[in-house]
Amino acid sequence: MSETIIMSEHLAKAMTYTQYRELIDTLLAENKTSGTNHSEAMVEYTRVNAQRMRRVEKTTELDDELVDLMLRVQNKMIWVIVTEAWCGDAAQTVPALVKIADASPLIDVKLLLRDEHPDVIDAYLTNGGRSIPKLIVLDAATMEELGTWGPRPAPAQELFMNMKAQDVPYTEFVEKLHGWYGKDRSKTLLKEFKELIPKWARLQPIEEQPMERL
């Protein structure tokens, strides 16, 4: 475990996922988005992202293996997700992250807006950039960092980096990246978390699980 800069003051300002979704709907009703850039383009990104989030909420399904794994978690954790309404990658992954966390009664999800908390995102840069979403997993008792994830599942990140290196035109860039998400339907993310959860959590031994879970 390692120290984190996230303090109780940050968590006091954080949102639940429901509050985050309500904030996005409220902002869109006012033709706004999160952050300070309320340009027509940014608002349109947010409107599309709201649709993406609804789709991910409906199509992401945890298999029995992952559900059982989450029910074996024995330690209370706080999952802090740094995000923004206009971020396409966040729209494609945050609903799935929340669904995973919700499978355990011991995990509390907190969402922070990146641009309102530069001190947090600057401590969790990706290749020097403020890429989001970023998940920071904390031990609820000690506030020590247990691990991180983000901003994308590994194959999506590889695709992103390759297209960036090739200077792919923006329209093609977006089409290919979100095409990957659409075909994958959160399956890669769920697979990655089957490997990450045992690294972060204290798990109840399988032999001690109630018989009806076996």
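Predicted model: local features only at pLDDT ≥ 70, side-chain atom pairs only at ≥ 80, totals over all residues.
Charged groups come next, with 26 positive and 34 negative side chains in the chain. The centres of these two sets lie 4 Å apart.

Turning to the overall fold, the protein chain has 9 helices and 4 strands. Read along the sequence, their order is α-α-α-α-β-α-β-α-β-β-α-α-α. The radius of gyration is 17 Å, close to the 17 Å that the globule rule gives for 214 residues, so the chain is as compact as a globular protein of that length. Along its principal axes, the C-alpha trace spans about 55 × 40 × 35 Å. Buried residues make up 50% of the 214 residues. Among contacts between residues at least 6 apart in sequence, 76% join residues at least 24 apart.

How many of the 6 residues of β3 are buried? The count is 6 of the 6, so this strand is largely enclosed by the rest of the structure. Both of its faces are covered: Lys-134, Ile-136 and Leu-138 are buried on one side, while Leu-135, Val-137 and Asp-139 are buried on the other.

Now look at the partners of β3. Strand β1, residues 77-83, pairs with β3 in the antiparallel sense over 6 bridges, and here Met-77 stands opposite Asp-139. Strand β4, residues 145-149, also pairs with β3 in the antiparallel sense, over 4 bridges. In that pairing, Leu-135 has Trp-149 of β4 as its bridge partner. The hairpin of β3 and β4 has 5 residues between the strands, and Met-143 takes a positive phi near 65° there.

Two helices are worth a visit next. In helix α4, residues 64-71, the buried residues are Leu-66, Asp-68, Leu-69 and Met-70. An α-helix has 3.6 residues a turn, so residues three or four places apart point the same way. What do the buried residues of α4 pack against? Their neighbours are β1, α5 (88-102), β2 (107-113) and α9 (187-200). With a relative accessible area of 16%, His-178 is buried, since the cut-off for buried is under 20%. Not counting residues up to four places away in sequence, His-178 touches Arg-52, Gly-88, Asp-89 and Gln-92.

Finally, let's follow the backbone through some of the loops. Most residues other than glycine have a negative phi, and most peptide bonds are trans. Against that background, the peptide bond from Ile-132 to Pro-133 is cis, with omega near 5°; Pro-133 sits in the loop between α6 (118-121) and β3. The bond from Gly-150 to Pro-151 is cis as well, with omega near 10°, and Pro-151 is in the loop between β4 and α7 (154-165).

Positive phi values turn up in loops too. Asn-31, in the loop between α2 (17-29) and α3 (40-59), has a phi near 55°. Asp-167 is not a glycine either, yet has a positive phi of about 55°. The loop that carries Asp-167 lies between α7 and α8. Is Asp-167 buried or exposed? Its relative accessible area is 66%, so Asp-167 is exposed.

How values were computed
Residues numbered from 1 in each chain as written. Heavy atoms only, no water. Rg over C-alpha atoms; globule rule 2.2 N^0.38 Å. Buried < 20%, exposed > 50% of the residue type's maximum accessible area, 1.4 Å probe, protein only. Contact = heavy atoms within 4.5 Å. Lys, Arg positive; Asp, Glu negative; His and termini not counted. Charge placed at Lys NZ, Arg CZ, Asp CG, Glu CD. Pairing = 2+ DSSP bridges.
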